Amino acid sequence: MSEDLPDSLIPYDEIVQEALRAVVGRVLGEVEETGGLPGNHHFYITFKTQASGVDIPTRLIERFPDEMTIVLQNKFWDLKVSEDMFQVSLTFNQVAAHLVIPFAAITAFVDPAVNFALQFQVQADAVPEPHEEAENDVPDVKAEDGSNVVTVDFGKKK
């Protein structure tokens, strides 16, 4: 592409991000409908803990002030999915917690069972800090790079 192209007046990056987050909603909605995860599927979901609409216990915000990753695998319940967010209950150090997470707060969605991952664009001025795993239901699996990883990053022309 030529560097002489004008800036787009159509917000393609926002449209694509919204569509990819809808994938997460559809997958979680199917898990809600069927009452569980099929086969070996399990999900790592990373989200901004301070994002608008996120509702998690104060103790988790204190431990993860910017971003945290949860795992949906064996020990989760009360999964409810709506058009723009999901709710789920998990345990952290044997203490139950109810989380409300808007899809707009999600920065990554990974299903290591099939080597599938989505990474969502993060604003340049909001670079995430490194964080520990949330220790809720973490299996001993490491994600591998693969052809099913979709990363969308629309650079802004300066």
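Predicted model: local features only at pLDDT ≥ 70, side-chain atom pairs only at ≥ 80, totals over all residues.
How many helices and strands are there in the protein chain?

## The overall layout

The protein chain has two helices and eight strands. Here helices (H or I, at least four residues) and strands (E, at least two) are DSSP runs, numbered from the N terminus.

Residues are numbered from 1 along each chain as its sequence is written, and side-chain values use heavy atoms, with hydrogens and water left out.

## Inside and outside

The protein chain has 158 residues, and 37% of them count as buried. Buried means under 20% relative accessible area, exposed means over 50%, and partly exposed is in between (1.4 Å probe, protein chains only). The protein chain exposes about 9900 Å², with carbon and sulfur atoms supplying 51% of that area. These accessible areas come from the Shrake-Rupley method with a 1.4 Å probe; for residues, only the protein chains shown count as cover.

What about contacts across the sequence? Take the contacts between residues at least 6 apart in sequence: 64% of them join residues at least 24 apart. Contact means heavy atoms within 4.5 Å.

Ile15 sits in helix α1, which covers residues 12–34. Together with Ile10 and Tyr12, Ile15 makes a nonpolar surface patch of about 300 Å². Patches are made of residues with over 30% relative accessible area and no salt bridge; like charges are joined within 9 Å, and nonpolar side chains (Val, Leu, Ile, Met, Phe, Trp, Tyr) within 5 Å. Ile15 itself is partly exposed, at a relative accessible area of 48%.

The same helix holds Arg26 and Glu30, four residues apart, so about one helical turn separates them. Glu30 and Arg26 form a salt bridge, and their closest N and O atoms are 3.4 Å apart. For a salt bridge, a side-chain nitrogen of Lys or Arg has to be within 4 Å of a carboxyl oxygen of Asp or Glu. Arg26 is exposed at 61% relative accessibility, while Glu30 is partly exposed at 43%.

## A second bridge, and a threonine pair

How many salt bridges does a search of the whole structure find? It finds two. Lys48 is buried, with a relative accessible area of 13%.

Thr69 is found in strand β2, residues 67–72. Is Thr69 buried or exposed? It is buried, with a relative accessible area of 6%. The side chain of Thr69 makes a polar contact of 2.8 Å with the side chain of Thr46. A polar contact is a pair of N or O atoms within 3.5 Å; within protein, one must be able to donate a hydrogen and the other to accept it, and residues adjacent in sequence count only if both atoms are side-chain atoms.

Ser89 belongs to strand β4 and is buried, at 6% relative accessibility. Its side chain joins that of His98 in a polar contact of 3.0 Å. Leaving aside neighbours within four places in sequence, Ser89 is in contact with Lys75, Phe76, Trp77, Asp78, Ala97 and His98.

Asp84 lies in the loop between β3 (76–81) and β4 (85–92), and it is exposed, with a relative accessible area of 52%. Asp84 and Pro102 are 18 residues apart in sequence, yet 5.8 Å apart in space, C-alpha to C-alpha. With neighbours within four places in sequence left aside, Asp84 is in contact with Pro102 and Phe103.

Most residues other than glycine have a negative phi. Asp78, though, has a positive phi near 55°. Asp78 is found in strand β3 and is partly exposed at 40% relative accessibility.

Asn115 also has a positive phi, near 55°. Asn115 is in the loop between β6 (106–111) and β7 (116–119), and at 25% relative accessibility it counts as partly exposed.
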